[in-house]
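Here's a quick look at how the parts of one protein chain meet. Have the sequence and the model open as you read.

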Amino acid sequence: MTLVCSIDRAVEEVLKRLPAHIHMGLPLGLGKPNRFVNALYARIRQLPERRLVIYTALALGRPKLGDGLQKRFLEPFVERVYGDYPELDFLADLHADSLPANVRVEQFFMQPGNLLHSHTAQQSYVSSNYSHAARDINAQGLNLVAQLVAQDPYQPAKLSLSCNPDITLDLLPMIAKRRAAGETIMMLAQTHADLPYMPGDAEVDRSLFDLMIDEADRTTLFSTPNMPVGLQDHFIGLHASTLVRDGGTLQIGIGSMGDALTAALLARQADNPGYRALLDDLDLAPWQALIAREGGTAPFADGLYGCSEMFVNGLLVLAEAGIIRRRVHKDVATQTQANAGQAVEADSGVCVHGGFFLGPRSFYQRLRELPREALEGFNMTAISYINELYGQEELKRLQRLDARFINTAFTATLLGAAVSDQLEDGRVLSGVGGQYNFVVQGHALHDARSILVLRSWREAGGEVSSNILWEYGHCTIPRHLRDIVVTEYGIADLRGRTDAQVIEAMLTITDSRFQTALIEQAQVAGKLPKDFRLHPRFSQNTPERLQALADRHAKLFPEYPLGCDFTAEERDLLRALNWLKSKFKLTELLDLGKAALDAPAPSAFPVHLMRMQLAQPDGLREDLLQRLLLAGLQATAQPEPLSYLRG
């Protein structure tokens, strides 16, 4: 029987019913009941005889404000977007390496780049595939699951796991087995007023939970604002979009490269003449046969089915645009009929399977406002269903036709290995998550492809370096699982190729500033002939060439293709701040100083200066900040960005 109680009473019940060592599992990302977690954490801190291990992933915290211009920009924005979002108290202690001795936090995926400098978090990271997380957590002695849920106002006995059925659904049979053997394992829920009620597999009976907090959480849900999509990402998305086959299956991840892919697919559908004109100008001749065989450039006549561990904003946008609309069915017989083109019930089936969701505020709002019949097209379900083929394999193979699993890496080697989770020194940026799962599916499904996307170069500390290297001290995806790699310069089809062919293909998508040195390294290792010469077509892999192309087709390069949480002034300021950041290096200090001297008068950008509290600078330091900001605003001024979204 479910006990309905306050947060304080729930803490007391947990301490009373469970043994001295509490093993608490929390959903990754959005679905954590932060206020309960903070209350339990506070009590355990005061009880050195008790122990608490927290198993989770993606513990979310507000952006760090920094100082100077960055702080002036972020402070009002963070307050507006995150409001009264309750930070996890243990997260602050993780950052400070000050967790109490009787508490440990184990994560299998971290907020990207957020805990690089936490020794405690780095030492307690668990490298597990997403699909193995439930198994591994259960094996550690899990005895408490705490989760945010959504309430159905018309069915009080029903709840929805909403944003996070992913691991919970996989844990339930394991918990039932252990309970049958006499173990005490508690389930706790708290409803959230703004969490969308997702029907389908995410629906559960209220009786599933031993404890239920008696008031709905009304604090701000954590969100991930849409960030600007830059030149590199737009061209990455453009190339990847040509590999998506009509009638197929799509998986994409979070971030600006996923947004860029979404933008390109929207253009392919809504402005096909403009889309094809850009492709013609780009010159895809080297990959034309691959595109004809594996993808396409025509609008989507049959539509796509989304099968993605993360139900991202981009997938919802594609569904709203009518691109994701191919429905799949829950039994082999019906799916076989559908694949054969036979009639099935018009509104049956789903067009998206997702394991968890996280996104901008508008994403949650649109889901909340969808009618029930539309929501039924999005089935939030167990991660084991999405990330693996085993278990209902026949049905999954029938559903996942022409699957394109598109994931992000930050580094790749010339021999085709990819790095997505960890730095060379061993520190973890994020985690493996489900990337390996989808790469393996890309090989296991006969008509699928694994597509890894990355920027070919990066700039840090004023230095430009290649993201395609001869070697790297760690890999997430080993080279024997290499398939397709996409950068802003093109497509490398690596499947079944010899090492020399793989190296040549990777060189064709490498920035030209680094090709010569990489060729020499491969030749020294004996992996390329001494007389190797790269085709002249690829000697113009330069940002300048891409910028010229973008200028000729400006409407296909919206800065915020999926909408924006920034005001118009904030968009201008963000552009200016990024420009200033790129200039703070020794080689450009002179140019920066000249730009500051040549900056326009404050009257040119009065609203922007007011937003940054620099309309009336107080002292020499603020006067300098004002001049630098004005220089950045002048250097990056541009027309209002376009968007395929209404409103």
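## A salt bridge to start

Glu622 and Arg72 join their side chains in a salt bridge, 2.8 Å from N to O; the term covers a side-chain nitrogen of Lys or Arg within 4 Å of a carboxyl oxygen of Asp or Glu. Across the interface of domain 1 and domain 3, that rule turns up two salt bridges.

A word on the ground rules: this is a predicted model, where local features need pLDDT of at least 70, side-chain atom pairs count only at pLDDT 80 or more, and totals for chains, interfaces and linings use all residues. Numbering runs from 1 along each chain as its sequence is written, and side-chain values use heavy atoms, with hydrogens and water left out.

## Where domains 1 and 3 meet

An automatic or database assignment sets the domain bounds: domain 1 (3–217), domain 2 (231–547) and domain 3 (568–636). Seven residues from domain 1 and twelve residues from domain 3 make the contact, meaning heavy atoms within 4.5 Å.

Together, domain 1 and domain 3 bury about 910 Å², with 61% of it on carbon and sulfur atoms; buried area is the accessible area (1.4 Å probe) that two parts lose on being put together, summed over both. Over on domain 1, Leu69, Arg72 and Phe73 lose the most area to domain 3, together 80% of what that side buries.

## An aromatic link

Tyr82 and Phe222 form a tilted aromatic pair, 5.2 Å centre to centre with 45 degrees between the planes. Ring centres within 6.5 Å make a pair, with planes under 30 degrees apart stacked, over 60 edge-to-face and the rest tilted.

Key
Phe/Tyr/Trp six-rings, centres within 6.5 Å; stacked < 30°, edge-to-face > 60°.
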